[in-house]
Amino acid sequence: MTLQELQQEHAASLAALAAAGDAAALDALRVKYLGRNGLIPAMVKRMKDVPAADRPAFGKALGAWRAAFEAALAGRVAEAQAAEAPHAAFDVTLPGRWRGEGVIHPVSRVIEECAEIFHRLGFSVADGPDIENKFNNFTALNTAPHHPSMDASDTFWFDAETLLRTQTSPVQIRTMMANPPPVRIVNPGRCYRRDTTDATHSANFHQIEGLYVDTKPVSLADLKSTLAYFAREMMGPGIGVRFRPHFFPFTEPSVEVDFTCHVCKGKGCRVCKNSGWIEIAGAGMVDPRVYEHVGYDPDKVYGYAFGMGVERIAMIKYGIPDIRFLYENDIRFLSQLR
Ligand code: PHE
């Protein structure tokens, strides 16, 4: 075969590929040109008969043909498969494929919902760091220098001035120091205490802080109606709210806030230890000493603050019996949250 004939065969093979109508015809061409007894391998075998002077040019042309044919064949096969695929690859009788789907974690869900409810009352979301200084976490919150909550047995200290915040209340201080009144914020975040873990305690938990300070009178009644509105929105219309006198260094008067137990609706059960109530938050009217620390004039502002336990709310809202379920990420628990 001459070089010219080889080039004619090359062109003819590509024309045949272009004309082939389906996968079967393409396969026949593959066998004809590339198969064990195909034209191209046969040519390779006959190279030794080509005069030595012509061999390099012949070999080059043969290689080019093979490459061109293989590329064209692959392209045409892909086209043929695509044309036939809708019928061949889709079997309507096969069962669907199950795709594992995640859910939003109950702690995140409660935080998002709280922020949305307070947003409707005009509160915006403020932020603060987990690593705090002693001033923001204790001193400015009017905590006495030797208050037991400052003990190394209760608080994670890095050094004499730096700690993991034990509450979200330091965000009150940050917010007031950065903004003149009025302020109306909520702040969800992580808190850290040296608590021994059990069914209702964790060394790392979440709170939502609220702070409302205005230059117009704000009273305990405003605090109560705000938290009552929150309770109804979060837990449903039948929920009861009660305030019990309490003490916090940074509020005066101070209260603890209970919601009626969601399980027994206030009748008394194991979950609420037969009291009919579940403690949800600490709250009160901002103490004048706090205003002094942040540079507000205590005679000119009025305000309340509250701090709610996010896990507490999640546990009663979703009926979660043990706080540890929220952190262990056991798939048997998580998959029930769907
Ligand atoms: N920071 C308090 C706590 O962790 C809760 C609280 C917040 C109380 C705001 C009053 C006002 O217990």
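I took a pocket, on a 1 Å grid over the protein atoms alone, as an open set of points where a 1.4 Å probe fits, with protein on both sides within 12 Å along at least five of seven lines, and I counted as lining any residue with an atom within 4 Å of a point. Grid points are joined across faces, edges and corners, and a volume is the space filled by probe spheres set on the points. The model is predicted, so I note that local features need pLDDT of at least 70 and side-chain atom pairs count only at pLDDT 80 or more, while totals for chains, interfaces and linings use all residues. Residues are numbered from 1 along each chain as its sequence is written, and side-chain values use heavy atoms, with hydrogens and water left out.

**Second largest pocket**

I looked up this pocket and found about 570 Å³ of space in it. Its lining has 21 residues, of which T200, V271, C272, K273 and I278 are the closest to the centre. By class I recorded 10 nonpolar, 4 polar and 7 charged residues in this lining, where Asp, Glu, Lys and Arg count as charged, Ala, Val, Leu, Ile, Met, Phe, Trp, Tyr, Cys and Pro as nonpolar, and the others, Gly among them, as polar.

**Largest pocket**

For the largest pocket I noted a volume of about 1000 Å³. It is lined by 42 residues, and T166, R193, F205, Q207 and F248 are the closest to its centre. The lining divides into 15 nonpolar, 18 polar and 9 charged residues.

**Ligand**

Which pocket holds the ligand? I found that the ligand sits in the largest pocket, a placement that requires more than half of its atoms to lie within 2 Å of the pocket's grid points. Around the ligand are 14 residues, with Q167, S169, R193, Q207 and G307 the closest, a residue being counted if one of its heavy atoms lies within 4 Å. This shell has 5 nonpolar, 7 polar and 2 charged residues.

I then went through the polar contacts, which are pairs of N or O atoms within 3.5 Å. A polar side-chain atom of Q167 is 2.8 Å from a nitrogen atom of the ligand, and a side-chain N or O atom of S169 lies 2.9 Å from a ligand nitrogen atom. For Q207, I noted 2.9 Å between a side-chain N or O atom and an oxygen atom of the ligand. The protein covers 90% of the 330 Å² of accessible area that the ligand has on its own, by the Shrake-Rupley method with a 1.4 Å probe.

Notes. Polar contact = N/O pair within 3.5 Å; in protein donor to acceptor, adjacent residues only side chain to side chain.
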